[in-house]
Structure formats: C-alpha cells, structure tokens
Amino acid sequence: MNINVLFKKKKPKEDKMSPDFQPQEPDLLYREIHMNGSPPIRMEAKNLTVKYGTVTGVKNVSLPVYNEKVTALIGPSGCGKTTFLRALNRMHDLTPNAKVTGEVLLDGNNIYAPRVNPVTIRRKVGMVFQKPTPFPTMSIYDNVVAGLKLVGIRNKAFLNEVCEKALRQAALWDEVKDRLGSPGGSISGGQQQRLSIARALAIEPEVILMDEPTSSLDPLSSSKIEDLINDLKKKYAIVIVTHNMQQAARVSDNTGFFYVGDLVEFGPTDKLFTNPSHKRTEEYLTGKFG
Amino acid sequence: MKTLRQRNIRDYIMVSLLVLSTVLVLTPLIIIIGYVIINGLGAISIDFFTQELGSPARAMQGRPTGLVHSILGTLVVDTIGVILAIPIGVGAGIMLSEYPEHKLNPLLRVLNDTLNGMPAILKGLLAFAIIVRPMGTFSGLAGGVALAFVMIPIIARATESALLTIPWSIREAGLAIGLPRWRVVMSTIVPAARTGLITGFLIAFARAAGEAAPLMFTSFGNNYLPTHWTGMIFGPVDTLPQRLYSLAISPYAEWHTMGWAAGIVLLVFVVALFTGAQLLTRQKAL
Ligand SMILES: Nc1ncnc2c1ncn2[C@@H]1O[C@H](COP(=O)(O)OP(=O)(O)OP(=O)(O)O)[C@@H](O)[C@H]1O
Ligand SMILES: [Mg+2]
C-alpha cells in the first residue's frame with residue numbers, strides 16, 4: 001500500500017493525472033545527468049558552507065549523492081562529516097548559531113530555497129544518529145510507526161503492515177515480534193539502533209543519512225547493520241559517516257574524504273582506497289594521521 | 001597528609017553535622033503538625049464535615065456547626081485555579097525551554113520571574129481588578145484566578161526545568177522523522193518529562209492551597225453554603241486558609257478550636273495529594 005493513500009488531501013501533485021498537469025521544471029544539471037544515462041543523482045550539495053558563529057564546520061563542499069548507491073564520508077575527528085550530513089536534511093535549522101550557505105538539491109530542487117518547509121524535506125531525507133534514540137515513553141511498536149501515527153494516520157491495519165515491514169528491513173522483526181508492546185528502551189543497544197533505523201524506514205524516505213550508526217555497537221550488531229545497508233541500497237540513496245575504513249570499503253560505492261572542513265577527494269570507493277589522487281587522502285588511509 | 005584516624009574523625013564530625021541539620025529542619029515541622037492536631041482534634045466530628053458555620057451563636061449554644069462550606073469552597077476555588085494554571089503554566093514552560101530563539105522568550109522569562117516574586121496579596125488585587133470589578137461581586141472564580149496567578153510562574157519554571165532534563169537528541173530524532181516541532185514536544189518530550197511536571201504541579205498547588213491573602217478580596221469568604229452549587233463559582237465563597245485566619249482572630253474559644261481543626265483538614269488534604277501523586281508517578285514510571 002502506498003503511504004500517500006492515507007494523506008488524501010496532501011497527495012503530491014505528481015499523482016494527479018489531470019491533463020493540465022505539468023511536472024516541476026527540474027534543475028538543468030539534474031536533467032542533463034538523466035539524459036546522459038549516468039547513475040541518477042538524488043541529492044547534490046553545491047558550494048555548501050556551514051559556519052557555527054566564527055567556526056567553520058565545512059567550507060565550499062560540492063558532492064553528489066547517487067540513487068541506489070552508498071556514499072561514505074570519512075576523515076579525522078572534527079573535520080566536518082557530521083556537519084555536512086546534518087546540512088542534507090536541514091538539521092542545522094535548530095542550532096542557534098549555525099549558518100548554512102550554498103545549495104543542497106534534492107531531486108533537482110534546492111532544499112534551502114525560501115518557503116521550503118524543512119518538515120517535508122525531513123520526510124524525504126531520513127536520518128539515523130550515532131547513539132540509538134528510542135522515544136522514551138513509547139513501545140517498540142509506537143516507536144516504529146511514530147512518524148506516521150503522530151501525523152494523524154490511525155489506520156491500524158496499515159500501521160501494523162508498515163511496522164512489520166520496517167522491522168523486517170531493519171533485521172529486528174524476529175527478535176521483537178513477540179514484545180512489540182514493551183518499551184523501546186527495554187531492548188539492547190544494538191537492537192535499539194536497528195529500531196531507530198526501522199523508525200526512519202517506516203516513513204519511506206528517499207535518502208537515508210547515517211552518522212556513525214555502528215560506532216556504539218558490538219561486531220555482530222555492526223555486521224547486521226552493514227548487511228542491512230547493502231539491502232537498503234536497492235531502494236534508497238544512503239549516506240554513511242564512518243570512522244571504520246574497512247566498513248567504508250565494504251559497504252560504499254563512493255567515498256568522500258573530509259579534512260578540516262574541506263572535501264579533499266571524492267570518487268568511487270575502489271579507486272579512492274587503492275589509488276587516491278591526493279596526498280592527504282593517502283596519508284589518512286595509511287594511518288599517517290587521524 | 002592526614003592520618004586515616006584523623007580522616008575518620010573528620011568524616012564522623014561531618015556526618016554528625018548533617019544529622020543535626022536534618023533534625024533542625026524536621027523539628028519545627030513535627031511541632032507544627034503535633035500542635036495543630038492536639039488543639040484541633042476536639043472539634044473534629046461528623047458535624048464538622050456536614051454542617052455550615054453560621055453565626056457564632058451556633059457554636060456557643062452547642063448547636064450543630066461545621067466547616068463543610070469551607071471544605072467544598074476550597075475544592076471549588078483550588079480546582080478553578082489548577083484548571084487555569086496548568087495549561088497556561090505548562091504552555092509558558094514549553095515556550096521557555098523549547099523555543100529559546102523566539103522573540104518573546106526573554107520577555108516571558110522576565111515577566112514570569114516578576115510574577116513569581118510578586119507578593120500574593122497583589123495577585124489578589126489583580127484578580128479583583130479583572131474579575132471582581134467587572135462582575136460586580138466577589139466570587140470563587142475570582143479566587144481561582146488569584147490562585148492561578150500564584151501557581152502559573154511556579155508551574156512554568158518547573159515545566160521548563162523538567163523538559164530541559166530530556167536529552168536534545170530525542171528532539172532531533174523526532175524532527176528527523178519529519179515531525180513538526182510542536183508535535184515532537186507534545187508527543188515525545190512532554191510525556192518523557194511527566195514525573196517532573198507532576199512534581200511541579202504539586203509544588204505549585206501546595207503553595208497556592210495554603211494562601212489566604214489573595215483570597216481576601218476575591219473569593220471573600222462566607223459563613224454559609226450557597227443555595228445552589230454554582231453560587232460557589234459566581235458568588236462569595238469560603239476557603240479553609242482564609243476561614244482558619246478569621247476563626248483564629250475571632251473572640252470565641254469554640255471557634256479557635258474549629259480553626260485548629262481547619263488546619264488539620266488542610267494538612268491532610270495536602271499530604272494526601274502529595275502521596276497520591278507520588279504513587280501515581282511511581283506506578284506509571286517504566
Ligand atoms: N554546535 C556546534 N557549535 C559550534 N561548533 C561546532 C558545533 N558542532 C560542530 N562544531 C565544530 O565544527 C567542526 C566540525 O565538527 P563535526 O561534528 O562536523 O566533525 P566530525 O567530522 O563529525 O567529527 P567526529 O568524527 O568526531 O564526529 C568542529 O571543529 C566542531 O568543533
Ligand atoms: Mg561526527
């Protein structure tokens with residue numbers, strides 16, 4: 001069942017098959033890429049700069065996020081990976097002193113354009129944080145469907161279906177199916193992290209951002225999440241920040257290397273890891289610093 | 001370097017001082033409770049809870065008299081106060097904690113602190129000006145409004161600090177699944193902070209329930225039950241703290257005893273409420 005069925009009034013324009021329906025004019029670059037037959041770009045940062053007061057988090061970063069591919073962001077601590085990731089779903093809006101300049105295109109449209117509602121952006125660009133963040137007073141079930149239930153979807157059958165699907169995708173269903181009513185905080189840390197992923201998947205975003213999703217997990221849970229990422233990329237565009245080089249090499253198709261706020265290098269993971277074009281990248285990968 | 005023995009002695013002295021201060025805190029409390037009970041128990045009877053006070057002659061001649069009208073009046077006035085104060089106080093608290101960047105936030109903070117520091121009798125005057133004057137009569141409603149002014153700033157600050165204990169990451173998690181900000185606050189942050197909120201309501205209520213001053217020219221007082229219960233809301237009505245005061249300054253010994261008894265009822269009322277709410281929050285806590 002498509003989720004939009006339940007938002008009768010809010011049905012996106014694209015669904016209207018009226019003869020006078022005109023699709024929104026996509027950005028030129030976006031169209032060009034589609035015409036060239038290269039992998040479609042889901043998101044693209046263009047000259048993105050984020051400043052915290054006088055401190056620069058990232059400067060002038062341009063980076064594409066391809067559909068059905070995993071993009072890894074690597075680099076030493078404090079070099080702007082989280083800052084960049086949070087700019088992709090307007091998470092900086094609530095940081096009082098953060099200022100974002102430049103553009104982030106989602107399907108060709110700038111998410112920082114005036115009158116764009118950050119809430120609609122975040123429904124298309126989901127995020128999983130470093131630490132698991134189950135909603136404290138909610139059951140496992142309510143945690144998973146929170147993004148639907150709390151915007152007014154009450155259809156039980158639909159919610160049940162979404163819940164099971166999301167938990168299966170997050171490889172958590174078998175472990176919790178008999179206790180969906182117990183509190184979200186009552187499961188292990190690794191399970192809570194997969195619960196957070198299920199919660200992000202339940203709203204069927206287009207892009208999933210993950211900030212060091214396995215850094216607080218044991219190897220077994222980590223590998224489950226890596227499997228999950230491999231699975232999810234069939235359907236979503238994924239951006240993952242990781243400090244684990246092996247993990248970046250295992251799960252990603254493209255990798256960006258950040259260093260002190262700059263995107264030093266971006267390219268196919270194989271090439272970046274085996275034959276980096278920048279000295280800094282090579283030094284970082286070989287453990288000379290970082 | 002001190003020897004182990006010296007450190008042990010110091011530790012012993014410190015603990016003794018702590019015990020001493022605990023005793024000093026508890027002693028007046030125990031004396032008050034004990035004194036109130038000893039003096040008031042004599043007036044507690046079925047009549048006390050079923051009869052209205054009437055004129056002093058009733059008590060002097062041994063006719064049935066009691067404080068049912070004050071007890072019911074207290075319930076009515078306090079309920080009105082709580083119904084008004086909780087939504088406004090919680091709303092202000094949410095504004096203080098969740099919307100720090102809002103233009104009105106600093107102003108609200110200053111006004112709230114000012115209201116909190118204002119003497120309670122001025123809050124009574126305020127309620128007199130905005131309710132009693134236009135309505136042309138003293139009323140339980142005006143008393144409730146005056147008590148709400150006592151509770152609102154306390155509830156607002158308690159709500160703010162309760163909400164601030166919930167980690168920022170929970171808010172971000174809510175925003176990240178595309179929930180609007182107010183939805184995140186109402187559905188995840190407020191429920192998570194409920195124990196703190198209820199404690200805040202209780203502290204505010206306990207403070208307001210004992211106030212006599214703001215009621216003097218709002219609910220005014222009454223020796224009788226009104227003929228219809230709506231008279232308690234729209235007409236002058238009696239309350240325990242204020243009745244306690246007027247009984248105590250009366251020249252009749254019988255009324256003095258009834259004043260002590262009013263104190264017992266007020267104490268039991270507040271203690272019962274605290275215990276009840278404590279049980280409630282403990283039960284619901286995960
Ligand atoms: N809220 C903030 N206010 C001020 N400065 C910040 C804030 N968040 C991050 N910064 C600064 O921005 C820079 C980039 O931080 P960021 O968190 O993006 O790094 P990171 O690459 O994610 O590091 P790590 O690998 O340790 O998570 C750092 O210098 C950091 O101190
Ligand atoms: Mg980070």
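This briefing covers a ligand site, a pocket and a helix pair. The model is a predicted one. Ligand 1 is surrounded by residues of chain A, among them Ser77(A), Lys81(A) and His243(A). The second largest pocket has lining residues from chain A and chain B, including Arg86(A) and Glu172(B). In chain B, the helices α4 and α7 cross with right-handed geometry.

**Ligand 1**
- The surroundings of ligand 1 consist of Tyr52(A), Gly57(A), Ser77(A), Gly78(A), Cys79(A), Gly80(A), Lys81(A), Thr82(A), Thr83(A), Thr95(A), Glu212(A) and His243(A).
- Cys79(A) places a backbone N or O atom 3.2 Å from an oxygen atom of the ligand.
- Thr82(A) has a polar side-chain atom 2.6 Å from an oxygen atom of ligand 1, and for Thr83(A) the distance from a side-chain N or O atom to a ligand oxygen atom is 2.4 Å.

**Second largest pocket**
- The volume of the second largest pocket is about 210 Å³.
- Its lining comprises Thr82(A), Arg86(A), Met127(A), Phe129(A), Gln130(A), Lys131(A), Thr133(A), Asp211(A), Ser169(B) and Glu172(B).
- Two or more lining residues come from each of α2 (81-87) of chain A and α8 (168-176) of chain B.
- The lining divides by class into two nonpolar, four polar and four charged residues.
- Thr82(A) belongs to this lining and is also among the residues surrounding ligand 1.

**Helix pair in chain B**
- Helix α4 (residues 68-98) and helix α7 (residues 140-164) of chain B have axes that come within 6 Å and cross at roughly 30°.
- The crossing of α4(B) and α7(B) is right-handed.
- Residues in the contact of α4(B) with α7(B) comprise 21 nonpolar, eight polar and four charged.

Key: Residues are numbered from 1 along each chain as its sequence is written. Chains are lettered from A and ligands numbered from 1 in the order in which they are written. This is a predicted model: local features need pLDDT of at least 70, side-chain atom pairs count only at pLDDT 80 or more; totals for chains, interfaces and linings use all residues. Side-chain values use heavy atoms; hydrogens and water are left out. On a 1 Å grid over the protein atoms alone, a cavity is a set of points where a 1.4 Å probe fits but cannot get out, and a pocket is an open set with protein on both sides within 12 Å along at least five of seven lines; lining residues have an atom within 4 Å of a point. Grid points are joined across faces, edges and corners, and a volume is the space filled by probe spheres set on the points. Helices (H or I, at least four residues) and strands (E, at least two) are DSSP runs, numbered from the N terminus. Ala, Val, Leu, Ile, Met, Phe, Trp, Tyr, Cys and Pro count as nonpolar, Asp, Glu, Lys and Arg as charged, and the others, Gly among them, as polar. Axes are lines fitted to C-alpha atoms, for helices over the stretch in contact, and angles run from 0 to 180 degrees between N-to-C directions. A crossing is left-handed if the near helix is turned anticlockwise from the far one by less than a right angle, and right-handed if clockwise. A residue is near a molecule or strand if one of its heavy atoms lies within 4 Å of it. A polar contact is a pair of N or O atoms within 3.5 Å; within protein, one must be able to donate a hydrogen and the other to accept it, and residues adjacent in sequence count only if both atoms are side-chain atoms.
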